[in-house]
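This report goes through selected features of one protein model.

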Amino acid sequence: MCGVPQGSILGPLLFLIYINDVHLSTNLKVLTFADDTTAYTSNKNVQSLYRETNEELHKLHNWLCSNRLSLNINKTKHILFSPRTLNTNERLLLNNIPIIRVGQNENEKTTKFLGLNIDENLTWKRHIEILKSNISRTLFAINRSKNCLPFSALKCLYDTLVHSKLNYAIVAWGNAISVNKLFLMQKRAVRIIHKKKYRAHTDPLFRQSNILKLQDLYETQVALFMHDNIHNKLPNSFDVQFQNQNISNIITRQRNLNLFQERPRNKFTSNLPKHKFKKTWNTLSEYHKSVDSRTMFHSSLKKEKIRNYNIIEEIMCNNPLCEECHTIIR
């Protein structure tokens, strides 16, 4: 009477067509990814925010009923984003059933969204802790096998099992305060694939293996993101957040490639993408900002960052009985 057989080839496509008008049923902003739907809105007043959202959720519930769809309330959660934890007795209801809240003072501290563990203050502590745990288990396996594998195989394992985890959505969490914990794990991984001692200097290892440090990886991905934005290769939803407002140079009558930066209201907003990404772009050299090719832009930026890593030269002393050497960093 309704629906298609589960596991059919056309099923996913028909489902996407079927729910394609869900955003027309509510004034909430809706994000959809396959069968995962997220609605969001904002308001400076918490009471007004909950009241308006409950009204919109009622409309969304009517749309679900009209389309003979049911929503699993046990898998539905809401999170209140704010620089600090807000304690409120307000609740979100769907068909008069309370929706679970995620927060510091709740049973669930974080929620998972497309592979990212998000908390209400956007500190990314939980996400980084999970990444650290996953990479630690990976490094244990690589360390056990390093003596029977060549460097090329170890580098391949690093790219597949470590780099892929560090690089995934790094533009979202790469600016977190606790990110240094992951950088220590990355340095440990580089020492392992090069079969070096625990306290070996890592700069020449990063340079030799053509691997970017975590902070440089974050800045490179942010720069790529802004490059795509400036060349209109991002979805239209980013147009409001990152407007390509160039500052004209009145004296020389030449175009300045810097982006206009609004003054952030506080420290919390200064670390948000709207401000941080523009700041990162403006720190690039004029050459990089003028490169149109995405491939060339990425390649030249990566080479420049790796070129700045120190090279270590070990100079043995003249005494043949001396087992120590002097190290020069340049």
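## Two leucines with positive phi

L114 sits in the loop that links strand 7 (111-113) to strand 8 (116-118). The model is a predicted one. Although L114 is not a glycine, its phi is positive, at about 50°. The relative accessibility of L114 is 36%, and L114 therefore counts as partly exposed, since the partly exposed class runs between the 20% limit for buried and the 50% limit for exposed.

L122 belongs to the loop between strand 8 and helix 3. With a relative accessible area of 30%, L122 is partly exposed.

## The chain as a whole

The protein contains 12 helices and 12 strands. It has 330 residues, of which 33% count as buried. Taking contacts between residues at least 6 apart in sequence, 55% of them join residues at least 24 apart.

## Helix 4

Helix 4 covers residues 151-167. At D159 the helix bends by about 35°. Just after the end of helix 4 comes A169, which has a positive phi of about 55°.

Which residues of helix 4 are buried? They are L154, K155, Y158, V162 and L166. The cover over these buried residues includes helix 3 (125-145), helix 5 (170-173), helix 6 (180-193), helix 7 (203-209) and helix 8.

## Helix 4 against helix 8

Helix 8 spans residues 214-230, and helix 4 packs on it at an angle of about 55°, with the two axes 10 Å apart. Helix 4 is therefore oblique to helix 8. The crossing of this pair is right-handed.

On the helix 4 side, the residues that meet helix 8 are H163, L166 and N167. Their counterparts in helix 8 are L214, L217 and Q221. Sorted by class, this contact has 3 nonpolar and 3 polar residues, and no charged ones. L166, named in this contact, is also one of the buried residues of helix 4.

## Helix 8 against helix 10

Helix 8 also packs with helix 10 (residues 273-282), at an angle of about 95° and with the axes 9 Å apart. The two helices are therefore roughly perpendicular to each other, because angles from 65 to 115 degrees fall in that class.

Helix 8 contributes Y218, E219, V222, A223, F225, M226, H227 and I230 to this contact. From helix 10 come K276, F277, K278, T280 and W281. By class, the contact of helix 8 with helix 10 divides into 8 nonpolar, 2 polar and 3 charged residues.

## Two buried loop residues

L28 lies in the loop between helix 1 (11-18) and strand 1 (29-33). Is L28 buried or exposed? Its relative accessible area is 8%, so L28 is buried, because the buried class takes in values under 20%. Leaving aside residues up to four places away in sequence, L28 touches A39, Y40, T41, T53, E56 and L57. One of these contacts, Y40, is 12 residues from L28 in sequence, and the C-alpha atoms of L28 and Y40 are 5.8 Å apart.

S178 is placed in the loop between helix 5 and helix 6. At 17% relative accessibility, S178 counts as buried. Again leaving aside residues up to four places away in sequence, S178 touches K125 and I128.

## An exposed loop residue

N89 is in the loop between strand 3 (77-79) and strand 4 (93-94). Its relative accessibility is 79%, so N89 counts as exposed.

Definitions and conventions. Residues are numbered from 1 along each chain as its sequence is written. This is a predicted model: local features need pLDDT of at least 70, side-chain atom pairs count only at pLDDT 80 or more; totals for chains, interfaces and linings use all residues. Side-chain values use heavy atoms; hydrogens and water are left out. Axes are lines fitted to C-alpha atoms, for helices over the stretch in contact, and angles run from 0 to 180 degrees between N-to-C directions. Helices (H or I, at least four residues) and strands (E, at least two) are DSSP runs, numbered from the N terminus. Angles under 35 degrees count as roughly parallel, over 145 as roughly antiparallel, 65 to 115 as roughly perpendicular and the rest as oblique. A crossing is left-handed if the near helix is turned anticlockwise from the far one by less than a right angle, and right-handed if clockwise. Contact means heavy atoms within 4.5 Å. Ala, Val, Leu, Ile, Met, Phe, Trp, Tyr, Cys and Pro count as nonpolar, Asp, Glu, Lys and Arg as charged, and the others, Gly among them, as polar. The bend at a residue is the angle between axes fitted to the seven residues ending there and the seven starting there. Buried means under 20% relative accessible area, exposed over 50%, partly exposed in between (1.4 Å probe, protein chains only).
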